[in-house]
Amino acid sequence: LRCDADGIQLMWPLPDHIDSAKVYSVIDVAKDVDGIHYIGQLEIGNKDAYPPVTPAAAFDLMEKFNLDIEGKRVLVIGRSPIVGSPVAHMARERGGAVTVVHSKVPEDTLKDLVGTAEIIITCAGSPGLIKAEWINGAEVINVGTTFIEELDSLVSDVDGDIAKHTSRYSPVPGGVGPLSAPILLRNVAKAAWAQMSTTGAVLENGWERETAKLRKTYHFGTYKEALDAAKKVDELSTVMDHHTNMTFTHKCVNGVDLEMEFFTFEANQITEKDYAAAQAVDELLSKN
């Protein structure tokens, strides 16, 4: 992963032999233009987190056509971390009464839920999972698509005459899909501007954010005090399995500066793990 890139989009699903959690975790939140950290960031209060592009495209489409989901029964079909889960979260944030199902739900249960839903957002990527005749006048946003070689075309999760059983629906192809690339470019542009304005900035806790690292200098009256602090930080780093680079600068009668740097080695850039480690160091040294 390049630390000088403005944004990172990880194409998935990854091969089975790759630890996807480890790969996702090293993506810097500031460069996460495909929103893999989106839900977690929202939960801790970061309202500026970049949304996953396909769910964002679906909700842009709904807003364009004045589809208000507040107070309505919303059925999200699919639970993937990059589409189904964020879609459900976004729908709840907009006031929908959200139910999430998936391809493993028994057909009778799925049929009943489809029949009572007012808005259906399909994102299972399973052709024919939903029968059009199950739908009872709902508005349908087709997100899940699959390419069928025999038809040489994309098909949705809904099988049958969808126009006959819905009040409105997004087509496949040509509905949500074409909006995804512009949403990605929008996220990249925002990320680029944000990083231009924050690189080198000093955060509220005194850590300076650079392109690929967090940096902070602590001052001590004596070399022994600085060494003792460094030993404590090293012990903490071992527990957290995330070590800091430390540099000592002796200033004779003016004491000693201990500079610390955090960055995630695998990514050569800042990740959530670095922010957590920096906060832990602050808490540790503030007790001295």
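In which sense do β3 and β5 pair, and over how many bridges? They pair in the parallel sense, over four bridges. Two strands count as paired if DSSP finds at least two bridges between them. Helices (H or I, at least four residues) and strands (E, at least two) are DSSP runs, numbered from the N terminus.

This is a predicted model: local features need pLDDT of at least 70, side-chain atom pairs count only at pLDDT 80 or more, and totals for chains, interfaces and linings use all residues. Residues are numbered from 1 along each chain as its sequence is written, and side-chain values use heavy atoms, with hydrogens and water left out.

**View 1. The parallel sheet has five strands.** The sheet is open, and its order is β2-β1-β3-β5-β9. Its pairing is parallel. β2 and β9 stand at the edges with a single partner strand each, so one side of each is left without a neighbour in the sheet. Helix α5 (residues 107-116) packs on this sheet and touches β1, β2 and β3. Contact means heavy atoms within 4.5 Å. The direction of α5 makes about 140° with that of β1. Axes are lines fitted to C-alpha atoms, for helices over the stretch in contact, and angles run from 0 to 180 degrees between N-to-C directions.

**View 2. Strand β5 is covered on both faces.** β5 spans residues 139-142. Glu 139 and Ile 141 lie on one side, Val 140 and Asn 142 on the other, and all are buried. Buried means under 20% relative accessible area, by a 1.4 Å probe on protein chains only; exposed is over 50%, and partly exposed is in between. In a regular strand the side chains alternate between the two faces of the sheet. Ile 141 in β5 has Ile 121 opposite. β5 also runs parallel to strand β9 (residues 168-169), joined by two bridges. Here Glu 139 stands opposite Arg 168, and Val 140 stands opposite Tyr 169.

**View 3. Helix α4 is largely enclosed.** Seven of the 10 residues of α4 (residues 84-93) are buried, so the rest of the structure largely encloses this helix. The buried residues are Gly 84, Pro 86, Val 87, Ala 88, His 89, Met 90 and Ala 91. They pack against α2 (38-43), α3 (53-64), β1 (73-77), β2 (97-101) and β3 (119-122). Just after α4, Gly 95 takes a positive phi of about 90°.

**View 4. Strands β6 and β7 form a hairpin.** Strand β6 (residues 145-148) and strand β7 (residues 153-156) run antiparallel, joined by four bridges. Thr 146 stands opposite Val 155 in β7. Four residues lie between the strands of the hairpin. Asp 152 takes a positive phi near 50°.

**View 5. The antiparallel sheet has four strands.** Its order is β10-β11-β13-β12, and the sheet is open. β10 (208-209) and β12 (245-250) stand at the edges with a single partner strand each, so one side of each lacks a neighbour in the sheet. Strand β11 (residues 214-220) pairs with strand β13 (residues 256-262) in the antiparallel sense, over seven bridges. Glu 261 in β13 is the bridge partner of Arg 215. Helix α8 (residues 223-240) packs on the sheet and touches β11, β12 and β13. The direction of α8 makes about 175° with that of β12. Helix α9 (residues 272-286) also packs on the sheet, touching β10, β11 and β13. The direction of α9 makes about 10° with that of β11.

**View 6. Ile 183 is buried in helix α7.** Helix α7 spans residues 177-198 and holds Ile 183. The relative accessible area of Ile 183 is 4%. Not counting residues up to four places away in sequence, Ile 183 touches Val 53, Ala 56, Ala 57 and Asp 60. The C-alpha atoms of Ile 183 and Val 33 are separated by 9.3 Å, though the two residues are 150 residues apart along the chain.

**View 7. Ile 36 lies in a loop.** This loop runs between α1 (20-25) and α2. Leaving aside neighbours within four places in sequence, Ile 36 is in contact with Tyr 24, Ile 27 and Ile 82. The C-alpha atoms of Ile 36 and Ala 278 are separated by 22 Å.
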